[in-house]
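Trainee: I would like to learn how to read a protein model with two chains. Could we go through this one together, step by step?

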Amino acid sequence: MKLSAVQQNCNNRRSNSFRTTGPLDSTVDGTFKSPAALFWLLLHGICCLISLVLGFRFSRIIFFLLFSSTTTTTTNLYTAAPLLKTTADVFETLTFRTPPSSPALSDPDAPSNNTIASSRVVVGRHGILVRPWPHPNATEVMKAHRIIERVQREQQLQYGIKNPRTLIVVTPTYVRTFQTLHLTGLMHSLMLVPYDLIWIVVEAGGTSNETASLLAKTGLRTIHIGFDERVPIAWEDRHQMESRMRIRALRIVREQKLDGIVMFADDSNMHSMELFDEIQSVKWIGAVSVGILVHSGNSDETSALSQKQEDEENLPVPVQGPACNSSGHLIGWHTFNSLPYVEKSATYIGDRLTVLPRKLEWAGFVLNSKLIWKEADDKPEWVKDLDMLAGNGEELESPLSLLKDASFVEPLGSCGRKVMLWWLRVEARADSKFPPGWVIDPPLEITVPAKRTPWPDVPPELPSNEKVDGIQEHREKRAAKTRISRSRNGSRSKRKRESRTVEAQVSGRHAEE
Amino acid sequence: MRSVIVLWGLPNAGSAGDVLEDDPVGRLKVFVYELPSKYNKKILQKDPRCLTHMFAAEIFMHRFLLSSPVRTLNPEEADWFYTPVYTTCDLTPNGLPLPFKSPRMMRSAIQLISSNWPYWNRTEGANHFFVVPHDFGACFHYQEEKAIERGILPLLQRATLVQTFGQRNHVCLNEGSITIPPYAPPQKMQAHLISPDTPRSIFVYFRGLFYDVGNDPEGGYYARGARASVWENFKDNPLFDISTEHPTTYYEDMQRVVFCLCPLGWAPWSPRLVEGVIFGCIPVIIADDIVLPFADAIPWEEIGVFVAEKDVPNLDTILTSIPPEVILRKQRLLANPSMKQAMLFPQPAQPGDAFHQILNGLARKLPHHKSIFLRPGEKFLNWTAGPVGDLKPW
């Protein structure tokens, strides 16, 4: 099979060389006439016979060695390596751009080719050009990434939101165990927002280094103000205080005449990126749907039973937001139905019961900052002045209190059908302790083996062990977070700890006896 | 003849030439010969795959002309004459067209029109045009060496050929031929459009063969070694997303790409160019001396990147050294809807599409010079030229 293929190739070679030498004949010197053609034919024939014997195309290598023109810098002898199948291929791939016709005419051919105006592109076999080190070049890769970045920025400009307005994000916060968890999440969301951002963080109990150091990591423009009251223990009072803190932030917007879209991002909420794109389309005041995530904190049996009951009744969809009629106009509001949870709602921060939201959370509203300003050209008349409201001391439950007429609210997110942010309240006990700045300093003096099992401790039997277990119990009361961080360190040297506790208990028993 | 590119300096506007928006209606008249259905309809009935493969332009051109306002039923007032013969519809079981009977079919069609109507003999075909979308146009062969050997069918030497193949100084491209894009199914491509703000994150993309082991076992023939060179140089380069797979998300992928490679295969043209233009990725054309579709109306140098085959090993350097403003400008030109429209053959025809560009091209060749009309006794065509096999009746 292969031999016949080689033979056929020989024939093809021959016939091709005949054909292509046809038009070139006129350019050949007069001395090269039919004897030359006969000579080449004989030579070709001999080469074919040799090829049949050897098993690869012999004539090509001969022509290459005899008549190779100067190599270009890109072509080289390393082409063989990646393509090796048989030794035949080695020699074949060494050829480059030698036309199937007689190669003796390679140099003198060049000018004569121009006069005929035949194609520069030669038909037939070409070498496969591989550069000496066919691997990615680091500078090229970096340049390409910069090009891609530029292209994507242009795409964003072309197809994304045109003329995006600055976002003014208002967040009330205070230093507590879960603050780092919540604020880190919010920080990361805000850092991803592609628009200009001003983050007003109102901190209860005055500005603290903890919060300030967190904010410094963002690289965003932040306004950190202190609010001179401590956060109360009851949820009801805390919610009211948060409203006051937000009003304080709105006052900053008013004083500094910040221009943009005001949104209320509570530190424990979760925002999707689409929210930030959607609120760009607000004109004066808009409302989005907020998913309410109430978690039942405890896991006793009683609540498990009532949970089942709840599942059987059809629980309403826990979404707060605008309600629209079929033509897309605002007709009312979906609020959270807190009836099923009334008995089990949390009253103070850190108890394990369900934390309920207000009727309409601040987080679901966005305002054009001009509504807050004292004077603005096109400020509509249906909005009350901020000073008048807050001065009264009446509690502002939601931004709706700022409006004389609530029908002017624009429903966003395809009329409230798309939920783009979620409300959640998770807090540790008010008295829980955590290392300030989450840096353990100085190193603890008593190292106690970490608890690795979820089962309750076996009560200690010995005074030496008692003390140890007492400390362990105290630690249990801390937020689960610390336990997790402990056990992560613990798992590394699990076996060691295991042996230690076993030893302790064994030694304890021995001591007892 | 190149049109002037008009850029109005607005960031969003980029005109790729007003010539694309010319309306051919009223500028020319085309007479469509009525050939017996064995030349067109019957062939199509035998194999309806002809309607969807990349050579389908000949069939759709016929259908378009039949109902177009440029059609005239009075041959005396016609500027151009069209012969509807589907020469690329004899398909193998795999769907590739066999060109062996095409010369005879074309000859037989020309014999028919020259004997039944006097218009062919008046000019020996100089005011006739034919659509020959095969690999090497009217050379009617898929192998380049054989195609060059045969040359353009002697009877078509004076006619205007509308073909997809185009290469400078090549036997199979006559002076005055109109190069068209290969057929790509418009609805299928529209169905796979994704949102334009999806960020383009792939630098270079290519899907297709690098080695054609079936037809070119030794290597070096297929694509003149250029595709193999791309593979060997860039197969481990993270910027180059190249492979032989057939992903179902091919069209969607192309919309997330900055550069689409369009290297030559057995013939220099490919539907990748059309796909690249539709999906907005800058075509990187690796085919020496290629003549691109509607080259006199579309400024391809402004839109695509041309890389010589010998420069393929340095492709990454070449592409990364293009300044970003140039790349953005090319993308803006590609985003021009008239560019995209000019590459498509939609059904029914829409203004500015490829059918209209062909008619524009034909209209630009008007008025015919007086010398195309033969004086008595003058004869140019040799009816017995060509290989003996072609002379057999079909």
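**Where the chains meet**

Mentor: Happy to! In this predicted model, 41 residues of chain A are in contact with 49 residues of chain B.

Trainee: How much area do chain A and chain B bury between them?

Mentor: The area has a carbon and sulfur part, which makes up 55% of it. For chain A and chain B together, the buried area is about 4,000 Å².

Trainee: Which residue of chain A forms a salt bridge with Asp316(B)?

Mentor: The rule finds two salt bridges across the interface of chain A and chain B. In the one with Asp316(B), the closest N and O atoms are 3.1 Å apart, and the cut-off is 4 Å. The partner from chain A is Arg131(A).

Trainee: Why are α2(B) and α14(B) called roughly perpendicular?

Mentor: Helix α2 (residues 57-66) and helix α14 (residues 354-364) of chain B have axes that come within 11 Å. Angles from 65 to 115 degrees count as roughly perpendicular. The two axes cross at roughly 75°, so α2(B) is roughly perpendicular to α14(B).

Trainee: How many nonpolar residues does the contact of α2(B) with α14(B) have?

Mentor: From α2(B) come Phe60(B), Met61(B), Phe64(B) and Leu65(B), and they meet Phe355(B), His356(B), Ile358(B) and Leu359(B) in α14(B). By class, one residue of this contact is polar and none is charged. The nonpolar count is seven.

Trainee: Where is Pro348(B) found, and is its bond from Gln347(B) cis or trans?

Mentor: Most peptide bonds are trans. Pro348(B) lies in the loop between α13 (337-342) and α14 of chain B. With omega near -5°, the bond from Gln347(B) to Pro348(B) is cis.

**Inside chain A**

Trainee: What is phi of Lys257(A), and is the value positive or negative?

Mentor: Most residues other than glycine have a negative phi. Lys257(A) sits in the loop between α10 (235-256) and β4 (261-264) of chain A. Its phi is positive, near 50°.

Trainee: How many residues apart are Arg176(A) and Asp267(A)?

Mentor: These two form a salt bridge, with the closest N and O atoms 3.2 Å apart. Arg176(A) is in the loop between β1 (167-173) and α8 (179-192), while Asp267(A) is in the loop between β4 and β5 (270-271). The pair links distant parts of the chain, 91 residues apart.

Key. Residues are numbered from 1 along each chain as its sequence is written. Chains are lettered from A and ligands numbered from 1 in the order in which they are written. This is a predicted model: local features need pLDDT of at least 70, side-chain atom pairs count only at pLDDT 80 or more; totals for chains, interfaces and linings use all residues. Side-chain values use heavy atoms; hydrogens and water are left out. Contact means heavy atoms within 4.5 Å. Buried area is the accessible area (1.4 Å probe) that two parts lose on being put together, summed over both. A salt bridge is a side-chain nitrogen of Lys or Arg within 4 Å of a carboxyl oxygen of Asp or Glu. Axes are lines fitted to C-alpha atoms, for helices over the stretch in contact, and angles run from 0 to 180 degrees between N-to-C directions. Helices (H or I, at least four residues) and strands (E, at least two) are DSSP runs, numbered from the N terminus. Angles under 35 degrees count as roughly parallel, over 145 as roughly antiparallel, 65 to 115 as roughly perpendicular and the rest as oblique. Ala, Val, Leu, Ile, Met, Phe, Trp, Tyr, Cys and Pro count as nonpolar, Asp, Glu, Lys and Arg as charged, and the others, Gly among them, as polar.
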